[in-house]
Amino acid sequence: MGLPALEFSDCCLDSPQFRERLKSHEAELDKTNKFIKELIKDGKSLIAALKNLSSAKRKFADSLNDFKFRCIGDAETDDEICIAKSLQEFAAVLRNLEDERMRMIENAGEVLITPLEKFRKEQIGAAKEAKKKYDKETEKYCGVLEKHLNLSSKKKESQLQEADNQVDLVRQHFYEVSLEYVFKVQEVQERKMFEFVEPLLAFLQGLFTFYHHGYELAKDFSDFKTELTISIQNTRNRFEGTRSEVEALMKKMKENPHEHKNISPFTMEGYLYVQEKRHFGTSWVKHYCTYQSDSKRIIMVPFDQKSGGKGGEDEAITLKSCTRRKTDSIEKRFCFDVEAVDRAGVITMQALSEEDRRLWMEAMDGREPVYNSNKDNQSEGTAQLDNMGFSIVKKCIHAVETRGINEQGLYRIVGVNSRVQKLLSILMDPKTAETEDDICAEWEIKTITSALKTYLRMLPGPLMMYQFQRSFIKAAKLENQESRVSEIHSLVHRLPEKNRHMLHLLMNHLANVAKNHKQNLMTVANLGVVFGPTLMRPQEETVAAIMDIKFQNIVVEILIENHEKVFNTVPDTQQSNSQLLLSRKRSTDSKPPSCSERPLTLFHTVQPNEKQENRNSIINSSLESVISSNMNSFLRSNSTPQSNMNSSDPDLEVIKPNRPNSLPQNPSPTSPLSPSWPMFSAPSSPMPTSSTSSDSSPISSPFRKARALYACKAEHDSELSFTAGTIFDNVHPSQEPGWLEGTLNGKTGLIPENYVEFL
């Protein structure tokens with residue numbers, strides 16, 4: 001379980017739960033600071049002590065292996081998982097070098113020590129300073145508030161008004177400092193994912209150059225290094241996007257804090273001072289109180305923000321009545337009396353202000369609170385999923401595909417807002433819509449793409465609907481790629497027909513855009529970043545929602561890559577429990593090829609052998625229960641053309657003997673970190689079709705040459721590791737379904753069948 005997200009709206013309430021969540025973030029920062037400090041010390045020892053190099057490297061490796069990243073949220077992306085396990089990978093590399101005493105690299109201090117010290121001083125140090133300021137302002141605010149609440153109501157009105165104004169200023173300043181501190185804490189937590197790992201990666205890369213034994217080790221490490229670099233770049237890109245969103249939300253909270261409060265399960269909640277009678281008199285004890293109008297339950301938690309701990313046991317009562325306390329009946333201001341069903345006597349409470357007392361009084365009288373309605377419902381736009389809406393989207397898509405499909409930065413580069421609004425007004429004018437079939441050539445492509453995105457954002461609700469938001473996000477968080485696709489496939493078919501039709505239209509278009517990524521530089525991953533927040537905008541603007549943007553992007557990527565399956569086929573929901581159990585057993589008996597276990601944003605592929613095993617298990621189960629008498633005749637139909645196999649009958653689809661390609665013909669690469677890292681891209685030639693049985697292999701003659709279409713890292717001694725473009729000799733069918741045997745640099749091993757093309 002990761003660290004909980006810190007909501008800006010909680011800064012205003014400053015509840016005990018918020019303080020606990022903040023403490024967990026502070027503890028994680030302290031842990032990171034101590035670890036970085038120790039890491040810097042070990043690095044300096046490594047550079048200085050050549051005689052003790054072996055022991056220093058072991059200690060350094062152990063330090064890396066012991067540290068575990070904790071991400072914000074309840075799930076991690078494939079890139080974050082890759083980064084999280086990177087330290088363990090580094091430790092393994094260093095252990096391999098333990099017995100080798102070699103000269104340390106001369107620039108180790110520049111590539112390792114300096115960036116870590118800079119991160120520790122500039123980022124973690126800034127967070128510590130923000131904490132000191134926050135603690136100081138907390139103490140100041142609580143002191144001023146207590147002093148203010150103890151003012152006698154008999155003082156002059158001018159004095160009371162001046163005191164109220166002073167408290168408001170201190171409260172506002174405390175609120176701003178709290179927002180800034182929360183923002184800084186979460187910023188440092190996100191930054192460490194890439195600013196902390198990159199120096200280590202650079203340090204290891206330098207080591208390989210100067211070690212006598214480093215050449216072979218560097219070759220073994222290069223695949224993970226490439227994968228990690230892309231993951232770091234993806235994480236950095238997501239951080240830059242989410243950071244701007246969080247910063248914008250923080251500014252909105254500063255300007256209008258009451259408009260961005262969370263929808264609470266309680267009718268009213270906040271701090272109240274409760275009068276308690278003691279043997280020496282009366283005292284006022286600070287409580288954090290919550291009230292639920294349906295059950296009329298009041299829960300009072302004694303809590304002092306200055307000490308940061310509870311002052312006693314929680315107390316729950318059932319409300320009977322609530323009466324405003326007159327000023328002349330008590331010396332304290334903002335008081336009201338509460339009578340409980342299950343407690344004798346009257347409980348006198350003091351609110352924090354006159355407005356706060358009014359809200360408590362209204363809530364306890366049974367009135368519902370006024371929540372901030374979603375801004376989507378306040379929009380004055382007239383965008384709808386009607387005939388005009390489909391016409392507008394089709395016009396925009398037609399203009400883009402006919403005039404600007406190869407423009408660089410398509411959909412990423414925005415048009416001038418005034419021009420976009422003017423184009424939208426023309427497109428949404430019923431008179432113009434009837435007379436003009438196409439968008440005239442005077443409009444720039446960036447204006448048209450911005451108009452299309454703006455129109456989708458103007459809809460009363462997101463295209464993929466609020467009620468399915470969490471389900472789509474959960475689907476993107478599944479570990480198995482095939483499970484992700486299957487779950488999203490099912491969810492799409494639960495959308496209303498108009499929403500699904502519009503989404504189908506859009507995904508077909510984006511797939512066409514991605515096919516031209518070499519010209520327009522818009523890969524599937526880039527399109528996911530652009531359209532994720534548009535198609536799945538959250539109902540509430542919170543930090544947790546912003547952190548889910550990366551999973552929204554993954555959902556859109558899956559829809560683009562699998563649009564034909566998702567929209568043109570019906571989800572298979574009739575698989576029996578016995579079939580599922582058999583499928584799981586088959587998948588555990590035969591481990592899927594390691595080459596398919598790639599991050600989603602790296603290759604955007606499903607796992608080929610796992611998918612094949614599931615289909616094989618379904619075939620076996622179906623043979624036993626349904627079509628035992630017809631199986632031989634059906635298998636003979638394997639020789640029929642491929643076009644005849646694309647049947648819409650779900651039963652026929654389940655028992656197809658032909659195994660579909662697990663990779664698309666034109667996979668979309670992810671942009672690398674820098675030009676020094678080559679971009680993964682597949683040749684334009686089609687991939688060979690493979691069969692489930694070894695005797696129906698597409699290879700017409702044994703012992704041929706073949707070229708690798710994609711990179712692959714072996715997980716077993718019997719498999720070959722290779723990069724895209726590698727040439728294999730003596731390639732021929734193997735006894736393993738879905739695998740070939742070939743020779744590379746004198747070594748013979750297994751190669752995934754759908755990763756190569758024959759020469």
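Helix 18 and helix 22 are roughly perpendicular to each other, the word applying to angles of 65 to 115 degrees, whereas angles under 35 degrees count as roughly parallel, over 145 as roughly antiparallel and the rest as oblique. The structure is a predicted model, in which local features need pLDDT of at least 70 and side-chain atom pairs count only at pLDDT 80 or more, while totals for chains, interfaces and linings use all residues. Residues are numbered from 1 along each chain as its sequence is written, and side-chain values use heavy atoms, with hydrogens and water left out.

The chain has 759 residues, of which 50% count as buried (under 20% relative accessible area, with exposed meaning over 50% and partly exposed in between, for a 1.4 Å probe and protein chains only). Its secondary structure comes to 28 helices and 14 strands, these being DSSP runs numbered from the N terminus, with helices (H or I) of at least four residues and strands (E) of at least two. Among the contacts with a separation of 6 or more, 71% join residues 24 or more positions apart, where contact means heavy atoms within 4.5 Å.

Two packed helices are described by the angle between their axes and the distance between the axes. For helix 18 (residues 497-515) and helix 22 (residues 549-561), the angle is about 80° and the axes are 8 Å apart; axes are lines fitted to C-alpha atoms, for helices over the stretch in contact, and angles run from 0 to 180 degrees between N-to-C directions. Helix 18 contributes Leu503, Met507, Leu510 and Ala511 to this contact, and helix 22 contributes Val556, Leu559 and Ile560. By class, the contact of helix 18 with helix 22 has seven nonpolar, no polar and no charged residues, where Ala, Val, Leu, Ile, Met, Phe, Trp, Tyr, Cys and Pro count as nonpolar, Asp, Glu, Lys and Arg as charged, and the others, Gly among them, as polar.

The loop between helix 15 and helix 16 (469-476) holds leucine 463, which counts as buried at 2% relative accessibility. Apart from its neighbours within four places in sequence, leucine 463 is in contact with Leu385, Asn499, Met502, Leu503 and Leu535.

A pair of aromatic rings is described by the distance of the centres and the angle of the planes. The whole structure contains eleven aromatic pairs, which are rings of Phe, Tyr and Trp (its six-membered ring) with centres within 6.5 Å, counted as stacked if the planes are under 30 degrees apart, edge-to-face if over 60 and tilted otherwise. One of them is the stacked pair of phenylalanine 35 and phenylalanine 67, at 4.4 Å centre to centre and 10° between the planes. Because phenylalanine 35 lies in helix 2 (residues 16-48) and phenylalanine 67 in the loop between helix 3 (53-66) and helix 4 (78-84), the pair ties together parts that are 32 residues apart in sequence; both residues are buried. Tyrosine 134 and phenylalanine 174 are likewise stacked, at 6.0 Å centre to centre and 20° between the planes. Tyrosine 134 is in helix 6 (residues 108-149) and phenylalanine 174 in helix 7 (residues 157-195), so this pair ties together parts that are 40 residues apart in sequence.

Although alanine 75 and lysine 477 are 402 residues apart along the chain, their C-alpha atoms are separated by 6.4 Å. Beyond its neighbours within four places in sequence, alanine 75 is in contact with Glu80, Lys477 and Phe551.
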